[in-house]
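Reader: I have a model open and want to talk through its fold. Can we go step by step?

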Amino acid sequence: MKIAFVMDWHLYYSVELANALVNEHEVMLVPRDHNREISSQENPLEVSEFLDACLDRRVRRNVLRYSRVDIRGALDMVRVYRAISAFAPDVLHVQENTDWRIYLIAMALGYKKVVLTVHDVFWHPGEDKRWISGQAIRFLRKKAGKLIVHGEYLKEQFSRLSPGHADKTFVVHHGAYSIFRQWDDGSIKEEKDTVLFFGRLGQYKGIEQLIEAAPVVKSSVPGLKIIIAGSSTGMGKHFSHLEKAIEGDPVFEVHNRFIANEEVPSFFRRASVIAVPYIEASQSGVISIAYAFGKPVVATRVGSIPEVMEDGRTGLLVPPADPDALAQAIVTILQDGELRRSMGDRALRKSRTDLSWEAAAKKTAEVYAAPAPVRKSERT
């Protein structure tokens, strides 16, 4: 089977999946040529450099240049369309986006070929999205031949939102991000009683609850250290007042900035447990990274997170917006070394089995090969 990936965002995800699929299929990867997802102004990394380091050499590469508002981008879209058309893919796998050029390429190749991954059924609280973006997303969801979501809960949620899409929606769980292991030199050791919160510092991430839980945890674990690492850029001012509240508190170590790829392993290696206290979510890439580094997780029962967590085995699940329950779960893992090690071992094993990219690729290929649903217009 020939598969062409086209995306504006979700480059880590697409590279991991393409690397696994190329073992059995012919694959082409066509990202947008921007590096906002993979680097920062302070630590720039070009897409070509990232792909050189991370993408399997067997995957064919192209790139959609220029911004979608740059007139040159229209001409480049024609070039990319011709390259994809010459490749003659059986499947055009699109990561949900609002770039009009990707929509036109999908239309030209035929929407029946399009498999669209819907990473978030709804926008997260605090995310500023424009009306036109919502219209574009709904349009492509309607037109795509098949849809992929990352959990049964999300499929049910999506079916309630758009009942007409239910028969073309499939579940493929998010693979564990092993991609960051290549920057791990093994020199960083775990630091006792250290909790890591990692990722975008958004309103829906439950950071406030983690801060509220800290004094309760510290009363049982005097040596507690909570690392908060991630960027609040583009997420509004929600984190700014929280950051001021914990400023000077020795329990907290805050890195409010983009975390470069080569830094990611050190944060996860230092941690005893990973906190994912979200008050709302679809799925969590942070859990995927935690599992790849063999770390236990304390997470909330939101979205499809419980589907990838084995409560009591790879970590502990707690209700959302419940600082006391969050604190107790963290204390339980920090105070029991044997439990912590066994949970970490199971998490690592899960990253190599159920949540491996080989497993995700096999399931995704089954979606590609599944008979296309019959549209209402075709039934009459």
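What follows is a set of questions and answers on this predicted model.

Reader: What radius of gyration does the protein have, and what would a compact globule give?
Author: The C-alpha trace spans about 65 × 45 × 40 Å along its principal axes. For 380 residues, a compact globule would come out near 21 Å. The protein agrees with that, as its radius of gyration is 21 Å.

Reader: How many helices and strands does the protein have?
Author: The chain has 380 residues, and 56% of them are buried. Among contacts with a separation of 6 or more, 70% join residues 24 or more positions apart. The secondary structure comes to 15 helices and 13 strands.

Reader: In what order do the 6 strands of the open sheet run?
Author: The pairing in this sheet is parallel. Strand 10 (252-256) and strand 13 (315-318) are the edges, and each pairs on one side only. On average, neighbouring strands are turned by 20° against each other, direction ignored. The order is 10-9-8-11-12-13.

Reader: Is strand 8 enclosed or open to the outside?
Author: Look at its two faces. T194, L196 and F198 are buried on one side, V195 and F197 on the other. That is 5 of the 5 residues, so strand 8 is largely enclosed by the rest of the structure.

Reader: Which residue of strand 9 is the bridge partner of F197?
Author: Strand 8 and strand 9 pair in the parallel sense. There are 5 bridges between them. In strand 9, the partner of F197 is I228.

Reader: Which residue in strand 13 stands opposite V298?
Author: Strand 12 covers residues 297-300 and runs parallel to strand 13. The two are joined by 4 bridges. Opposite V298 stands L316.

Reader: What angle does helix 12 make with strand 13?
Author: Helix 12 (residues 323-334) packs on the sheet. It touches strand 8 (194-198), strand 11 (273-276), strand 12 and strand 13. Its direction makes an angle with that of strand 13 of about 170°.

Reader: At what angle does helix 8 run to strand 10?
Author: Helix 8 takes in residues 238-246. It lies across strand 9 (225-230) and strand 10. Its angle to strand 10 is about 145°.

Reader: Where does helix 7 bend?
Author: Start with its length. At 1.5 Å a residue, the 14 residues of helix 7 (residues 207-220) should span 20 Å, and the end C-alpha atoms are 20 Å apart, which agrees. There is still a bend of about 35°, and a proline, P215, follows within four residues of that point. The bend is at A214.

Reader: Is R181 buried, partly exposed or exposed?
Author: R181 sits in the loop between strand 7 (169-171) and strand 8. Buried means under 20% relative accessible area, and exposed means over 50%. R181 has 30% relative accessibility, so it counts as partly exposed.

Reader: How far apart in space are R181 and F293?
Author: Leaving out residues up to four places away in sequence, R181 touches R269, A292, F293, L348 and R352. R181 and F293 are 112 residues apart in sequence. In space, C-alpha to C-alpha, the distance is 7.7 Å.

Technical notes: Residues are numbered from 1 along each chain as its sequence is written. This is a predicted model: local features need pLDDT of at least 70, side-chain atom pairs count only at pLDDT 80 or more; totals for chains, interfaces and linings use all residues. Side-chain values use heavy atoms; hydrogens and water are left out. Two strands pair if DSSP finds at least two bridges between them. Axes are lines fitted to C-alpha atoms, for helices over the stretch in contact, and angles run from 0 to 180 degrees between N-to-C directions. Contact means heavy atoms within 4.5 Å. The expected span of a helix is 1.5 Å times one less than its number of residues. The bend at a residue is the angle between axes fitted to the seven residues ending there and the seven starting there. The radius of gyration is taken over C-alpha atoms; the globule rule is 2.2 Å times the number of residues to the power 0.38. Buried means under 20% relative accessible area, exposed over 50%, partly exposed in between (1.4 Å probe, protein chains only).
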